[in-house]
Amino acid sequence: MTTEPISFPSDLDGWTAFARDRAADRIARVQSLDARLRAEPELPVADRLELWNDADIALREALSEAYVVSEAHPDASVRELAEAQVQTIESLSAARLLDPQLWKAFADAAPDGLDDLQARLLEHVRRDFRRGGVGLDDDGRERVRTLTERDTELSLTFSRNIREGRREIQVPAAGLAGLPQDFVDAHPADENGFVTLTTEYTDLMPVREYATDRATRTALVSAYNDLAWPENEAVLAELLEVRAERAHLLGYADWADFETETRMIGGGAEIPAFLARLDEASRAAAEAEYPVLLERLRRDVPDAAAVTVADFWHILGAVKGEQYDVDAQLVRSYFPFGRVLDGVLDVTGRLLDVEYVAVDASAWHADVRSYDVVRAGERIGRIHLDLHPRDGKYSHAACFPVAPGIPGRVLPEAALLCNFSRGLLEHDEVVTFFHEFGHLVHEILGGHQRFARFTGFETEWDFVEAPSQLLEEWAWDAEVLATFSANAEGEPIPAELVAKMRTADAFGRALEVRRQLGHASVSYHLHVDRPADLQAETERLYATTTPVQPIPGLHPYAGFGHLTGYGACYYTYQWSLVIARDLLTGFADGLMDPVAARRYRTEVLERGGSRDARDLVEGFLGRPYSFDAYRDWLAGA
């Protein structure tokens, strides 16, 4: 093992071999380490844990590489080979937790003589075995193995269908009314006077924000809400059944109960309780906001019965422009992509006491920018930024681990896969960039743990969004934005405009929480209730959780990518936001306060998952976190 960064291939033949063969050595190493664990029961517990950790490192190296290649490589055959490796590695990981002989190495292991981190690892390993199904009889273990492998296969298929499911619509050239001139120029009409729009974010976000033609907005948002349908209809239905059966076999009431055992929330029944708390906290403000939007929509569409998801962003923007003097097109003029990229690197570098040094290194696509992360002259990680859309690439925005950091053994590496315009960015996209970069720095700064189980952002999954949501706040700070924003004349965004943006942002906040409540309700109830009619139940859940109505007859669950990785637990985003709003109180002396930044870096980010998330937060704030800051933030709506 080495602390040198990964050397990626530079041609298609090299990538084909990388995707096909790269995992084989790691798998062989895992099998060799497992053979020792089975054959040497007299080894001290600490030594057994080291062997387990060695195998864990190898698995995570192989899986991280395979996942990012499967989601990002431009060649479909390479993506397919990488997907096959993901399936193989995930199957091996599951099989290890079903192996009674491996279990014997830890079943009766006592924590005597272990240090705190070793004891923590032992506790987690024993829990993983139990949750993996090792305690079942032979038939039960074999059924769990089959179900786990099928879950992986279905999840990969579900994600692939979304990734490769880009749709196009055609609208009359006049249907682009209201859109920025640079967008119109980039979308010329064909010989019949029609313009082609796609469901990629670079088209979707401007259209739903600026298009004054309701038919254009509705057509594109409808296409987006039918991504991967009907392909994913049967895939999701089977996935829900597979997860339910697996949970029951393992002794859990449902999939939500299985997933939440390892989360901060603590149990499946706590999800609806938390969602009810969000409902109560946001209802009154949302009921006050919605009539304002409906009245504004009816000025354009007098017979409109409701504000739909195709209207929401456009009408919200219109209200903010008219009532709060925030012109979104003026705002975007200050955020050319290159300036934002440089700004994110500069701001986070100063905040976290690191430097990003561009490196000339091969990657999976020419768009990828790679940087060494350096502190005090020492390389502590490498990041890869893949920031623009292309066919076959992951179609949202996310951070992917590339190598699990282990001091002296593996250099932490991670990648951002995003879909930003190469021109001007919406302010929402600037916020998204900061959010995803929050995951990236968490993975790198936290990627210096002794055990792979706790490295990077390997914390409870309902905490993992909090550092990213916290970093969003830097995209709303006038002093921060002034350091990198610039319009065509080179002028930074005025502080007065940022102040108006912050005031305007409060309007619609409760409705946005209700929208998130809809996603969380769909995530939870599809897994727990497993309705026979996915379309009808999904539409009902969205229609009853938020006044902003879904477009009837569509199938947004088919393109809801979080249903694989987040499962029943999309509540995570609001749970983490409660914590993020409280973490922000630790920066009372300013967002760039070096004392607070250092404490946050050392107490939260650099600890990875070596402590429970509650303890990480308390270590930074000096007290347990509370709901108060979130409630105050929502009260500002």
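This is a predicted model: local features need pLDDT of at least 70, side-chain atom pairs count only at pLDDT 80 or more; totals for chains, interfaces and linings use all residues.
# Exercises on cavities, a pocket and helix contacts

By class, the lining of the largest cavity has 7 nonpolar, 1 polar and 3 charged residues.

## Exercise 1: the largest cavity

Find out which residues line the largest cavity and which helix gives the most to the lining.

**Solution.** 
- Step 1. Begin with the space itself: the largest cavity holds about 90 Å³.
- Step 2. List the lining: Phe18, Ala19, Arg22, Ala23, Arg26, Ala62, Glu65, Ala66, Val69, Ala82 and Gln85.
- Step 3. Helix 1 (12-39), helix 2 (45-72) and helix 3 (76-96) are the elements that supply two or more of them.
- Step 4. Pick out the main contributor: helix 1 gives the most, with 5 residues.

## Exercise 2: the second largest cavity

The structure holds 4 cavities of 30 Å³ or more. Describe the lining of the second largest cavity by residue, helix and class.

**Solution.** 
- Step 1. The volume of the second largest cavity is about 70 Å³.
- Step 2. Around this space you will find Leu351, Leu352, Gly438, Val441, Pro467, Leu470, Leu471, Trp474, Tyr600 and Leu605.
- Step 3. Two or more lining residues come from each of helix 15 (337-352), helix 16 (427-445), helix 17 (466-472) and helix 24 (594-605).
- Step 4. Helix 17 gives the most, with 3 residues.
- Step 5. Sorted by class, the lining has 9 nonpolar residues, 1 polar residue and no charged residues.

## Exercise 3: the second largest pocket

How many residues line the second largest pocket, and which lie nearest its centre?

**Solution.** 
- Step 1. The second largest pocket contains about 230 Å³ of space.
- Step 2. Its lining is made of 14 residues, with Phe183, Ala186, His187, Thr202 and Ser421 nearest the centre.
- Step 3. Helix 7 (181-185) and helix 8 (201-210) each supply at least two lining residues. Helix 8 gives the most, with 4 residues.
- Step 4. The class count for this lining is 5 nonpolar, 4 polar and 5 charged residues.

## Exercise 4: a salt bridge within a helix

Find the closest distance between the N and O atoms of Asp138 and Arg141, and say how the two residues are placed in helix 6.

**Solution.** 
- Step 1. Side chains of opposite charge can pair when their charged atoms come close.
- Step 2. Asp138 and Arg141 form a salt bridge, with their closest N and O atoms 2.4 Å apart.
- Step 3. Both residues sit in helix 6 (residues 138-163); because they are 3 residues apart there, about one helical turn separates them.

## Exercise 5: two backbone details

Locate Pro230 and Ala376, and state the backbone feature found at each.

**Solution.** 
- Step 1. Pro230 lies in the loop between helix 9 (214-224) and helix 10 (231-249). A cis peptide bond joins Trp229 to Pro230, with omega about 10°.
- Step 2. Ala376 lies in the loop between strand 4 (369-375) and strand 5 (378-386). Although Ala376 is not a glycine, its phi is positive, about 50°.

How values were computed
Residues are numbered from 1 along each chain as its sequence is written. Side-chain values use heavy atoms; hydrogens and water are left out. On a 1 Å grid over the protein atoms alone, a cavity is a set of points where a 1.4 Å probe fits but cannot get out, and a pocket is an open set with protein on both sides within 12 Å along at least five of seven lines; lining residues have an atom within 4 Å of a point. Grid points are joined across faces, edges and corners, and a volume is the space filled by probe spheres set on the points. Ala, Val, Leu, Ile, Met, Phe, Trp, Tyr, Cys and Pro count as nonpolar, Asp, Glu, Lys and Arg as charged, and the others, Gly among them, as polar. A salt bridge is a side-chain nitrogen of Lys or Arg within 4 Å of a carboxyl oxygen of Asp or Glu.
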